[in-house]
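Here is a short briefing for a first look. Keep the sequence and the model side by side as you read.

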Amino acid sequence: MEGEAGYALLKMGLYLAREGGFISQYDTVVGEKLAHVLSGGRLAGPQTVSEQHLLDLEREAFLSLCGQLQTQDRIQFMLKNGKPLRN
C-alpha cells in the first residue's frame, strides 16, 4: 500500500474530476473514502498490510457512508429505479 502519498495522488484525481464537472460533490466524498481504503489508510510510506487491515478500513468506510443521508438516497433511488442517483 502506498499510504499518504497514494492517498494524496487519488485525492488530486478526485479534485480534478470535480473541477472538470465529471463527478458530483458527494461523489468526491465517496471517492475520498475509497481512496483512504485503497491507499491502506494513514501509513507513513509504502508498506505491506494484512488483508484484515484492508477489510477493517473498508468496513469503517462503508458504515460511515451508510450513515449519510446522501448515501441512503442513492441506495433507495437505485432500488426503486435501477439506475444511479447523482446527488
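S24 touches R18, R74 and N87, leaving aside residues up to four places away in sequence; contact means heavy atoms within 4.5 Å. This is a predicted model, where local features need pLDDT of at least 70, side-chain atom pairs count only at pLDDT 80 or more, and totals for chains, interfaces and linings use all residues. Residues are numbered from 1 along each chain as its sequence is written, and side-chain values use heavy atoms, with hydrogens and water left out.

**Overall layout**
- The protein has 4 helices and 0 strands. Helices (H or I, at least four residues) and strands (E, at least two) are DSSP runs, numbered from the N terminus.
- From the N terminus on, the order is α-α-α-α.
- The C-alpha trace spans about 40 × 30 × 20 Å along its principal axes.
- Of the 87 residues, 24% count as buried. Buried means under 20% relative accessible area, exposed over 50%, and partly exposed in between (1.4 Å probe, protein chains only).
- Among contacts between residues at least 6 apart in sequence, 57% join residues at least 24 apart.

**S24 and its loop**
- S24 sits in the loop between α1 (4-19) and α2 (25-38).
- S24 counts as buried because its relative accessibility is 14%.

**Helix α2**
- The 14 residues of α2 should span 20 Å at 1.5 Å a residue, and the end C-alpha atoms are 20 Å apart, which agrees. The expected span is 1.5 Å times one less than the number of residues.
- Buried residues in α2 are Y26, D27, T28, G31, A35 and V37.
- Their cover includes α1, α3 and α4 (69-81).
- After α2 comes G40, with a positive phi near 90°.

**Where α2 meets α4**
- The axes of α2 and α4 come within 11 Å and cross at roughly 100°. So α2 is roughly perpendicular to α4, a label for angles of 65 to 115 degrees. Axes are lines fitted to C-alpha atoms, for helices over the stretch in contact, and angles run from 0 to 180 degrees between N-to-C directions.
- Y26, D27 and V30 in α2 meet Q70, T71 and R74 in α4.
- The residues of this contact divide into 2 nonpolar, 2 polar and 2 charged.

**D56 in helix α3**
- D56 lies in α3 (residues 51-66).
- D56 is partly exposed, at 35% relative accessible area.

Notes. Angles under 35 degrees count as roughly parallel, over 145 as roughly antiparallel, 65 to 115 as roughly perpendicular and the rest as oblique. Ala, Val, Leu, Ile, Met, Phe, Trp, Tyr, Cys and Pro count as nonpolar, Asp, Glu, Lys and Arg as charged, and the others, Gly among them, as polar.
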